[in-house]
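I opened my notebook to jot down what I looked up today. Here is the structure I was working from.

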Amino acid sequence: MIAAYGIHGKGGEALKVFYQMVKSSGIKPNNVNFLSVLSACSYAGLVEKGTEIFDLMVGEYKLELTSEHYGIMVDLLGRNGEISKAMNIINHMPNPDGPHVWGALLGACRIHHNIEVGEVAAKNLLNLDANHAGYYI
């Protein structure tokens with residue numbers, strides 16, 4: 001339900017279901033639940049809520065972050081023009097080798113015309129997979 005709401009741009013509804021699951025039913029959310037709700041926040045542009053959820057995952061639930069979680073946070077921040085915060089997330093990743101992370105940053109740089117950081121993202125993408133034509137485009 002959380003993922004479905006997120007895909008359809010209903011971030012508020014996704015958050016309601018997530019909080020209902022956590023608070024009312026007492027179910028402990030897992031990595032997939034957090035991926036879904038973070039993604040919903042990203043689609044809906046809910047930067048503050050997404051950051052809050054990300055912190056909740058790490059602080060309260062002590063779950064292991066994957067490159068997918070980082071990638072969604074980079075996308076969330078980047079789409080909203082917070083390129084330096086997105087880059088800071090990447091800099092604090094234990095292993096920033098996921099192409100989706102650099103791809104999210106590159107997409108944000110394209111949207112917000114940040115050529116300097118965009119070049120860094122593009123170089124990292126090309127180092128990860130030089131045969132992927134989409135990175136060149």
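Where is the place of Ala 130? I found Ala 130 in the loop between helix 8 and helix 9 (133-136). I kept in mind that this is a predicted model.

Then I turned to a pair of helices. The axes of helix 5 (residues 67-79) and helix 6 (residues 83-91) come within 8 Å and cross at roughly 165 degrees. Angles over 145 count as roughly antiparallel, so I wrote helix 5 down as roughly antiparallel to helix 6. The crossing of helix 5 with helix 6 is left-handed. On the helix 5 side, the contact uses Tyr 70, Val 74, Leu 77 and Gly 78; helix 6 brings Ile 83, Lys 85, Ala 86, Ile 89 and Ile 90. Sorted by class, I have 7 nonpolar, 1 polar and 1 charged residues in that contact.

Last, the core. The largest nonpolar core has 41 residues, and Val 74 is listed among those with the most contacts inside it, along with Phe 18, Phe 34, Ile 53 and Leu 105. Helix 5 and helix 6 are among the elements giving this core two or more residues. What does Val 74 touch, leaving aside its neighbours within four places in sequence? My list reads Ala 86, Ile 89, Ile 90, Val 101, Ala 104 and Leu 105.

Terms used: Residues are numbered from 1 along each chain as its sequence is written. This is a predicted model: local features need pLDDT of at least 70, side-chain atom pairs count only at pLDDT 80 or more; totals for chains, interfaces and linings use all residues. Side-chain values use heavy atoms; hydrogens and water are left out. Axes are lines fitted to C-alpha atoms, for helices over the stretch in contact, and angles run from 0 to 180 degrees between N-to-C directions. Helices (H or I, at least four residues) and strands (E, at least two) are DSSP runs, numbered from the N terminus. Angles under 35 degrees count as roughly parallel, over 145 as roughly antiparallel, 65 to 115 as roughly perpendicular and the rest as oblique. A crossing is left-handed if the near helix is turned anticlockwise from the far one by less than a right angle, and right-handed if clockwise. Contact means heavy atoms within 4.5 Å. Ala, Val, Leu, Ile, Met, Phe, Trp, Tyr, Cys and Pro count as nonpolar, Asp, Glu, Lys and Arg as charged, and the others, Gly among them, as polar. A nonpolar core is a set of buried Ala, Val, Leu, Ile, Met, Phe, Trp, Tyr and Cys residues joined through side-chain atoms within 4.5 Å. Buried means under 20% relative accessible area, exposed over 50%, partly exposed in between (1.4 Å probe, protein chains only).
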